[in-house]
Amino acid sequence: MSRTLDTPPRISVCIANYNGETMLRDCLESVYGQRGDFQLEVLLHDDASTDDSLSLVRRGFADVRVIQSRDNVGFCISNNRMAEAARGHYLLLLNNDAVLRPGSLDALLHEACDTTIPAVLGLPQYTLHDGSLVDRGYEFDLFMNPIPVFTAGVHEVATATGACLWIPREIWNAVGGFPPWFESIAEDIYLCQAARLLGYPTRVLDAPGFDHWIGKNLGGGKVMDDKLKTTARRRALSERNKTAVMLLCYPAWALLVLLPIHALLLGIEASFLWLAGSGRGKIKCIYGTILPGLWRHRKDISALRRSLRARQKQSGWRFMRRFHWLPHKLRMLLRHGAPEIR
């Protein structure tokens, strides 16, 4: 691996950071510890951190190209800015709380070079706290709830996790990056679904993988002690943005059928969580903001949907065949009970 700035890099690793001082060193060391025949650059967008993240980077990782934001702009804008500044043919979007296993960049590059059609790529995801396998990509139910995949070998999936997402520049430019108003959560779902519409698949490699402090930055989003734990903020962004992905990517006939059912299920879910003791404030934060948030960005949604539809290469029927009909939340409820919402 070379870090020279004279030769255009093959790979641009983009790390969005906010108050990641306790996690950044492990993340950056895992990147610079990669071996392979490629040129590499590392960009870090600091989202107005209030800790000593930048001091850590400047003291120990002088090669990192730092983009310092005066305001906290969120994960999507952070990555959009880095992608615009990056010089590599391939982008690797890497969370600041993720650690690459040895050989990851070399494996991703070899897979990217061996394919005839550019593809979004991901790696197996493991938890940093105990090393257990979290997923090898995700499929979805009809309401955009992710279902972990554990298939071995290189395989196509509906989405790879955004904590470690390999994107050829061609696909990033075609999709147009992340919708900035998403802020965070489900931006990876949007990118992979938009890429599918435009004819670009998503695949997950068999190995090596990466380790991740899941939910460290925004809180929750994982099962601990056989209990699903999350935060109202995370759930609010998740429900709004997953619904936005449906509006952006689903064919009109699917929306006519599924949106009323989706609204009904969200209403039932809100009632159940209220009865389970989540509290009116949390319920309002999560479910009361979905429609106002989508309405506020209706022009953005409409324009982006038209752009995708004008260029789509996959039929609506083929696009929808990928989804599972049984709601995944029902499975999770039966298995783990009502989530604990903070």
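Reader: Why does W317 count as exposed, and not as buried?

Author: In this predicted model, W317 has a relative accessibility of 58%, and since the word exposed is kept for values over 50%, W317 counts as exposed.

Reader: What makes W253 partly exposed?

Author: The relative accessibility of W253 is 44%, and because buried requires a value under 20% and exposed a value over 50%, W253 falls in between and counts as partly exposed.

Reader: Why is the pair of W253 and W317 called tilted?

Author: Aromatic pairs, of which the count comes to 11, are sorted by the angle of their planes, with stacked for angles under 30 degrees and edge-to-face for angles over 60. The ring centres of W253 and W317 are 6.1 Å apart, which is within the limit of 6.5 Å for a pair, and their planes stand at 35 degrees, so the pair is tilted.

Reader: How do you know that this pair ties together parts that are apart in sequence?

Author: W253 belongs to helix α8 (residues 252–275) while W317 belongs to helix α12 (residues 316–320), and so the pair joins parts that are 64 residues apart in sequence.

Reader: Which residues do ring pairs link into a cluster?

Author: The cluster that is linked by ring pairs consists of F140, Y250, F319 and F323.

Reader: How do you know that the charged end of R101 sits over the ring of Y126?

Author: The charged end of R101 lies over the ring of Y126 at 3.8 Å from its centre, where the distance limit for such a placement is 6 Å. In another case, the charged end of R298 sits over the ring of W295, at 4.1 Å from the centre of that ring.

Reader: Why is α6 called roughly parallel to α7?

Author: The axes of helix α6 (residues 187–197) and helix α7 (residues 232–249) come within 10 Å and cross at roughly 15 degrees. Because angles under 35 degrees count as roughly parallel, α6 is roughly parallel to α7. The crossing is right-handed, and the residues of α6 that meet α7 include I189, Y190 and Q193, with K242 and V245 among those they meet in α7.

Reader: What makes α7 roughly antiparallel to α8?

Author: These two helices pack at an angle of about 170 degrees, with their axes 11 Å apart, and since angles over 145 degrees count as roughly antiparallel, α7 is described in that way relative to α8. Among the residues in contact are R235 and E239 in α7, and L255 and H262 in α8.

Definitions and conventions. Residues numbered from 1 in each chain as written. Predicted model: local features only at pLDDT ≥ 70, side-chain atom pairs only at ≥ 80, totals over all residues. Heavy atoms only, no water. Phe/Tyr/Trp six-rings, centres within 6.5 Å; stacked < 30°, edge-to-face > 60°. Helix = DSSP H or I, 4+ residues; strand = E, 2+ residues; numbered from the N terminus. Buried < 20%, exposed > 50% of the residue type's maximum accessible area, 1.4 Å probe, protein only. Lys NZ or Arg CZ within 6 Å of the ring centre and 35° of its normal. Axes fitted to C-alpha atoms, helices over the stretch in contact; angles between N-to-C directions. Parallel < 35°, antiparallel > 145°, perpendicular 65-115°, else oblique. Left-handed = near helix turned anticlockwise from the far one by under 90°. Contact = heavy atoms within 4.5 Å.
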